Amino acid sequence: MIITDVSVKTFLTTTRRHSDSAGHAHPGAPHQVQQAMLVIRTEDGHEGYSFTAPEIVRPHLIEKFVKKVLIGQDHRDRERLWQDLAHWQRGSAAQLTDRTLAAVDVALWDLAGRTLNQPVHKLIGAYRDKVLTYGSIMCGDELAGGLATPEDYARFAEKLVKRGYKGIKLHTWMPPVSWAPNVKMDLKACAAVREAVGPDIHLMIDAFHWYSRVDSLELGRGLEKLGFDWIEESMDEQSMASYKWLADNLDIPVLGPESAGGKHWHRAEWITSGAVDILRTGVNDVGGITPALKTMRLAESFGMDCEVHGNTAMNLHVVASAKNCRWYERGLLHPFLEYDDGFDYLNSLSDPMDENGYVHVPNRPGIGEDINFDFIDNNLVK
Ligand SMILES: O=C(O)[C@H](O)[C@@H](O)[C@@H](O)C(=O)NO
Ligand SMILES: [Mg+2]
């Protein structure tokens, strides 16, 4: 069907997540933030939706780029529409980012699924309908009883194992925490968690993103003694050579890149350079489901797993449609927050987890977010 309109609904939603100076989330008092829903509509009235921050789909981007590529086109031509939009990035003065490409691509996949009454992972070609998940813990903090000490992490990890998680990833302490970063404290938290959960729970770390090579080496060698599955983003991912050096010097698998640009093209270089043992992708990080799938298949061609960054249904469909991916990242979690409470603009969670640590892919058409349209319309930002 021909795309006839692209629009954005910006609305208020209440959250207890607050961002720190590095963009990492921490718990706090409930407060209202603006969220955007991108809407792509075809001539027969079908619509596809995606959620993102309002600035990612601000009018300049929708009018100058997105509408010019999509309006009048067949909504099923996702590959061509993605290529055309990606082509506009170079001349956009760095305004058209991978996040905007992701919002458009996800809404197009949602539109395809809603039109055909099929969930996206079945359109892609599913590998499974449920996936094992790890609990991705928020970065450490200085909140009493929160994630302020190694013992806090251990206590929370025990709670997560009781909830059913078979894997746990620690984001350790980072600035603006007053005494962070600190490799020895990171290792104390990891050791306390290992001690608390025993040898059979899978553990991973996602550390301070700007450690030096030497600090990362010390951290990695400590994690090897604790039987961790991988070390993630311990250095600036702009230095692929540093990761090659680290991977050459560690036995524990090095996973990445998460935040590095370049989509699936650059991730090919990370593989061929030996900079990682496990590749990483993410719908928001590489510009959509379409390039995330390309990254998964790229890794598979090199006998490599590719782990997906981020929660929500859009990432869950990518995990569910690949064999070479072991986990869904469910988070971010904190002792002061109840993840299963979900969001006020969704009627239900898109990633419900059973008592055995499996997340079940939504069977609803499209991406499968259970959208509360009345809530959105009643909370529009004028
Ligand atoms: O902003 C970040 O660093 C990520 O969102 C982080 O909080 C977490 O999602 C992550 O790194 N997961 O792997
Ligand atoms: Mg990460």
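**Ligand surroundings, helix packing and backbone geometry**

In the ligand site of this predicted model, an N or O atom in the side chain of lysine 169 lies 2.7 Å from an oxygen atom of ligand 1, a polar contact being a pair of N or O atoms within 3.5 Å, where within protein one atom must be able to donate a hydrogen and the other to accept it, and residues adjacent in sequence count only if both atoms are side-chain atoms. The residues around ligand 1, defined as having a heavy atom within 4 Å of the molecule, are His24, Lys169, His171, Asp206, His209, Glu232, Glu258, Arg280, His309, Glu329 and Leu332.

Because the model is predicted, local features need pLDDT of at least 70 and side-chain atom pairs count only at pLDDT 80 or more, whereas totals for chains, interfaces and linings use all residues. Residues are numbered from 1 along each chain as its sequence is written, chains are lettered from A and ligands numbered from 1 in the order in which they are written, and side-chain values use heavy atoms, with hydrogens and water left out.

Two packed helices are described by the angle between their axes and the distance between the axes. Here the axes are lines fitted to C-alpha atoms, for helices over the stretch in contact, and the angles run from 0 to 180 degrees between N-to-C directions; helices (H or I, at least four residues) and strands (E, at least two) are DSSP runs numbered from the N terminus. Helix α1 (residues 59–70) packs against helix α2 (residues 78–87) at an angle of about 150°, with the axes 10 Å apart. The two are therefore roughly antiparallel, angles under 35 degrees counting as roughly parallel, over 145 as roughly antiparallel, 65 to 115 as roughly perpendicular and the rest as oblique. In this contact (heavy atoms within 4.5 Å), Phe65, Val66, Val69 and Leu70 of α1 meet Leu81, Asp84 and Leu85 of α2. The contact residues comprise six nonpolar, no polar and one charged, where Ala, Val, Leu, Ile, Met, Phe, Trp, Tyr, Cys and Pro count as nonpolar, Asp, Glu, Lys and Arg as charged, and the others, Gly among them, as polar.

On α2, Arg78, Leu81, Trp82, Leu85 and Ala86 meet Leu101, Val104, Asp105, Leu108, Trp109 and Ala112 of helix α3. This contact contains nine nonpolar, no polar and two charged residues. The axes of α2 and α3 (residues 98–116) come within 11 Å and cross at roughly 165°, so that these helices are likewise roughly antiparallel. In the loop between α2 and α3 lies alanine 94, which has a positive phi of about 65° although it is not a glycine.

By comparison, α6 and helix α7 (residues 213–225) pack at an angle of about 15°, with their axes 10 Å apart, which makes the pair roughly parallel. Val183, Lys184, Asp186, Leu187 and Cys190 of α6 meet Asp215, Glu218, Leu219, Gly222 and Leu223 of α7, giving a contact of five nonpolar, one polar and four charged residues.

Most residues other than glycine have a negative phi, and most peptide bonds are trans.
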